[in-house]
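Biologist: I would like to learn how to read ring contacts and sheet features in a model. Can we go through them one at a time?

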Amino acid sequence: MKGLEKIIPLDGRDIKVVLQKFAPQAAGSILISSGETAVLVTANRAAAREGIDFLPLVVDYEERLYAAGRIPGGFLRREGRPPEKAILIGRLIDRPLRPLFPQWLRDDLQVVATTVSLDQNVPPDVLAVTGASIAVLLAQIPFNGPMAAVRVGLVGDEFIINPTYTEIERGGLDLVVAGSPDGVVMVEAGANELPEADMIEAIDFGYEVIQDLIQAQRNLLKELGIDIVHAEPPAIDPTLENFIYDRAVEPVKAILKRFEKDKNVRDAALDEVQGAIAQDIAALPEDHPVAVAAAENPKALPTLFKAVTKKLMRQQIIEEGVRVDGRRLDEVRPIWCEVGVLPERVHGSALFNRGLTQVMSVTTLGSPADAQALDDLHPEDSKRYLHHYNFPPYSVGEVKPLRSPGRREIGHGALAERALEPVIPPQEEFPYVIRVVSEVLSSDGSTSMASVCGSTLSLMDAGVPIRKPVSGAAMGLIKEGDEVRILTDIQGIEDFLGDMDFKVAGTDSGITALQMDMKITGLSIAVIKQAIEQARSARLHILEKMLTVLDKPRPQLPPSAPRLLTLQIPPDMIGLVIGPGGKTVRGISEQYNVKVDISEEGLVTITAPNETNAKQARAAIEGLTRKLNAGDVYLGKVTRIIPIGAFVEFLPGKEGMIHISQLAEYRVGKVEDEVKIGDEIVVKIREVDSKGRINLTRLGIHPDEAEAARSSSVV
């Protein structure tokens, strides 16, 4: 089957789509490519399962190493658990898709995107997002699309569409924008302190191009004779709806107007009202229309009660400008912070508290060998700054089994990592590998931004010389018709019942990370502009609170942190430092209790328990790679004796020979009469001959030279 092939022109970086050729049994499938990067995207739908009361959408992104001409490592030689980048791309596809499905839909939906070919210049993620929209439309699933995504980069002062990996790295902006006909539905960005005005312009620039991709999808559907499916929601029994509404409105309204700041108290009060309504329904005769409708639809009560709560909460914000905890729309919850909350054995720690949200961030410093090796399709092969986020069940007062990190934990950790990465010092200035773990101890909204704030303090507590402190705030949205209200520092109920979760992190100079997710089908650039500008005020307010606790990195590393020293050696001397079978470097490591890492460029990093050991090891390596000159004096150790002289190791891995005539001012009859194996003696280099052999002497050494050699010995 040949299928339909089309080229979509896109700002000089054309996209090719092949429809109805691959995966013929999938309800919808497309191969979408640009350059030599190609992604196969499929969409399928299955009948709803009994008792499901949510949208069961599963989005999977798969990487195949054959796409880059590589064979997987390991014993099995096949792909295993998805790498972190693959999980993040899966989330990137899911986030703009999910709000465009009718939220009443209960059919099982699955979208699978598989990168089957990779051009090292073209990232596959935005292709996968646009391909997912086309696959869903081809599958005739109800969908408020089309939807498309582009990446925006910055080269010089110009924005560009779908930049290469190299352009992303050099440009200081990595922005992904996804949009529908109604507006922007998702934003994901990392930036090097980009001013708010420039970020707004970049989002607008990307959304303009998205319109071309949306129109191209419409043209494809028209050519295939396929209509976009817009299904009607299932009817709800009006008798049951009115029964619940009449009994819920006044008590729920009263609870919301208490302005309760503790969500647990508020939730308990709402549960009590819902429980009372359930008892009222249970007291009705079995043949009562309300009782019959409730029996036929057991999920109706919690669904309708949630709808009442949502309506009243939003109405209060729109009409009165007051939130459920009594705050103004632009008001941040009370903040308190503390550093050094754990014993000194921990390198750095901080506690950040905002309202009922509390995060503890802990910093650990390690050697270059602790860097995370990456084995995926992307150019980066390792990273030295790691940010991990944990969300245990006790943080929301629940009892659940502890599992390995899920997509949410990985996504929130990656967002915090992206927010802080621009201020992490380069390896040349600070050679440590840095790991920050954010433990969510209590959650009531905006834990990822609390992680950013707590981690900034934790890094400074550990003495990491970050360029600037970073803070973050989560913004929300209530949109009813033309009425729009932006909420600063949203709490759990505002996230749950609101229309947007917009996280903004950055320094006082600009934005370092941005993530926007919608629950509606799109948002205008004007509203996004308002949210970003309102977020800046919140970020600066939060930053001010943070800096009253610790305003700059501590001048010294904690005593428990390892000491790292670096030196640069000529690459052609790497083999000399390593030695035969690693003998030389292993000897230095054992002698001084250090760990030595050597890069391909000749950067040597020494990790030691204290500064003295590190300096001794560095001196040993410097001596080993030092250019030897006649007249240099060293303290060495006799390693071998032969009839005509003795061999002395005066630097690690460097030996020279003292001829018997150079052992003393007088005539020596036998070498063993003057020195024995293991003796430490002061020697001077007589010459280094044309074959690199080193000839030593004990003659003509000034006492001051001998004393200096003993004090600086590295053997």
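Biologist: How many aromatic pairs does a search of the whole structure find?

Modeller: This is a predicted model, and the search of the whole structure finds five aromatic pairs. One of them joins Phe 159 and Phe 205, with 5.9 Å centre to centre and 35 degrees between the planes. Planes under 30 degrees apart would count as stacked and over 60 as edge-to-face, so the Phe 159 and Phe 205 pair is tilted.

Biologist: Which parts does the pair of Phe 159 and Phe 205 tie together?

Modeller: Phe 159 lies in strand S8 and Phe 205 in helix H4, so the pair ties together parts that are 46 residues apart in sequence. Phe 159 is buried, at 15% relative accessible area, whereas Phe 205 counts as partly exposed at 25%.

Modeller: Tyr 634 and Phe 650 are also tilted, with ring centres 5.0 Å apart and planes at 40 degrees. Tyr 634 belongs to strand S25 and Phe 650 to strand S26, 16 residues apart. Both residues are buried.

Biologist: What sits over the ring of Phe 243?

Modeller: The charged end of Arg 247 does, 3.5 Å from the ring centre. Arg 408 lies over the face of Phe 391, at 4.3 Å from the ring centre.

Biologist: In what order do the five strands close into a barrel?

Modeller: Strands of a sheet pair through backbone hydrogen bonds, either parallel or antiparallel. Here the order is S25-S26-S27-S29-S28, with mixed pairing. The twist averages 55 degrees from one strand to the next. Helix H16 packs on the sheet, touching strands S25 and S28, and its direction makes about 80 degrees with that of S25.

Terms used: Residues numbered from 1 in each chain as written. Predicted model: local features only at pLDDT ≥ 70, side-chain atom pairs only at ≥ 80, totals over all residues. Heavy atoms only, no water. Pairing = 2+ DSSP bridges. Helix = DSSP H or I, 4+ residues; strand = E, 2+ residues; numbered from the N terminus. Axes fitted to C-alpha atoms, helices over the stretch in contact; angles between N-to-C directions. Contact = heavy atoms within 4.5 Å. Phe/Tyr/Trp six-rings, centres within 6.5 Å; stacked < 30°, edge-to-face > 60°. Buried < 20%, exposed > 50% of the residue type's maximum accessible area, 1.4 Å probe, protein only. Lys NZ or Arg CZ within 6 Å of the ring centre and 35° of its normal.
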